[in-house]
Amino acid sequence: MITNFSKIFLILVSFILFTLNTSCGKKVKKEPPVLPNKQEKQIDIYSKLDVCGCNKEAIEIIELAREIRDEFETIAELKMQKESVKQIRGLASSYTKLLESCFRRHASKNFIPSECNNLNELDRKRSELFDLGIPLVQGERLKL
């Protein structure tokens, strides 16, 4: 009887140890939390501009970039001022968004000169800024 009891006790203890060993040895895999798929819509702030508004806004962006650039004698001095570089990159990004939005909305109408769509002035100002080391058309990829 003792042997049967010992066998049963031994089997029971073995079973308990086995159960504890396997349950403690398992690693609980935590899956990353499922986040709702939020696709933020970027508000196209330039979508309501007409051709004249597009031209006016482009010139304003170029002039703002020119004002920042004119604060420094060389492009190297500008590059040393991180805040100014950040502002120029922001303007370059805005400029390319403006161009994309205006082209999407008005297509070839953007290239028709008019009293309010002075393409020569726009090109001249953009070229002057380019000659000073700031090619706005590169947008966010602008290297400074």
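These exercises work through a predicted model of one protein.

**Exercise 1. Fold**

Task: State how many helices and strands the protein has, and give their pattern along the sequence.

Solution: 
- Start with the elements. The protein has five helices and zero strands.
- Then read along the sequence. The pattern is α-α-α-α-α.
- Residues 24 or more positions apart account for 74% of them.

**Exercise 2. Surface and burial**

Task: Find what share of the residues is buried, and what share of the accessible surface belongs to carbon and sulfur atoms.

Solution: 
- The protein has 144 residues, and 26% of them are buried.
- Its accessible surface comes to about 11600 Å².
- Carbon and sulfur atoms hold 58% of that surface.

**Exercise 3. Largest pocket**

Task: Describe the volume and the lining of the largest pocket.

Solution: 
- The volume is about 280 Å³.
- The lining counts 14 residues, and Leu-99, Asn-110, Phe-111, Leu-119 and Leu-122 are the closest to the pocket centre.
- Helix H2 (51-70), helix H4 (82-106) and helix H5 (119-131) each give two or more residues to the lining.
- By class, the lining has 10 nonpolar residues, three polar and one charged.

**Exercise 4. Lys-79**

Solution: 
- Buried needs under 20%, and exposed needs over 50%.
- Leaving out residues up to four places away in sequence, Lys-79 touches Val-85 and Leu-144.
- Lys-143 is 64 residues from Lys-79 along the chain, yet their C-alpha atoms are separated by 9.5 Å.

Key: Residues are numbered from 1 along each chain as its sequence is written. This is a predicted model: local features need pLDDT of at least 70, side-chain atom pairs count only at pLDDT 80 or more; totals for chains, interfaces and linings use all residues. Side-chain values use heavy atoms; hydrogens and water are left out. Helices (H or I, at least four residues) and strands (E, at least two) are DSSP runs, numbered from the N terminus. Buried means under 20% relative accessible area, exposed over 50%, partly exposed in between (1.4 Å probe, protein chains only). Contact means heavy atoms within 4.5 Å. Accessible areas come from the Shrake-Rupley method with a 1.4 Å probe; for residues, only the protein chains shown count as cover. On a 1 Å grid over the protein atoms alone, a cavity is a set of points where a 1.4 Å probe fits but cannot get out, and a pocket is an open set with protein on both sides within 12 Å along at least five of seven lines; lining residues have an atom within 4 Å of a point. Grid points are joined across faces, edges and corners, and a volume is the space filled by probe spheres set on the points. Ala, Val, Leu, Ile, Met, Phe, Trp, Tyr, Cys and Pro count as nonpolar, Asp, Glu, Lys and Arg as charged, and the others, Gly among them, as polar.
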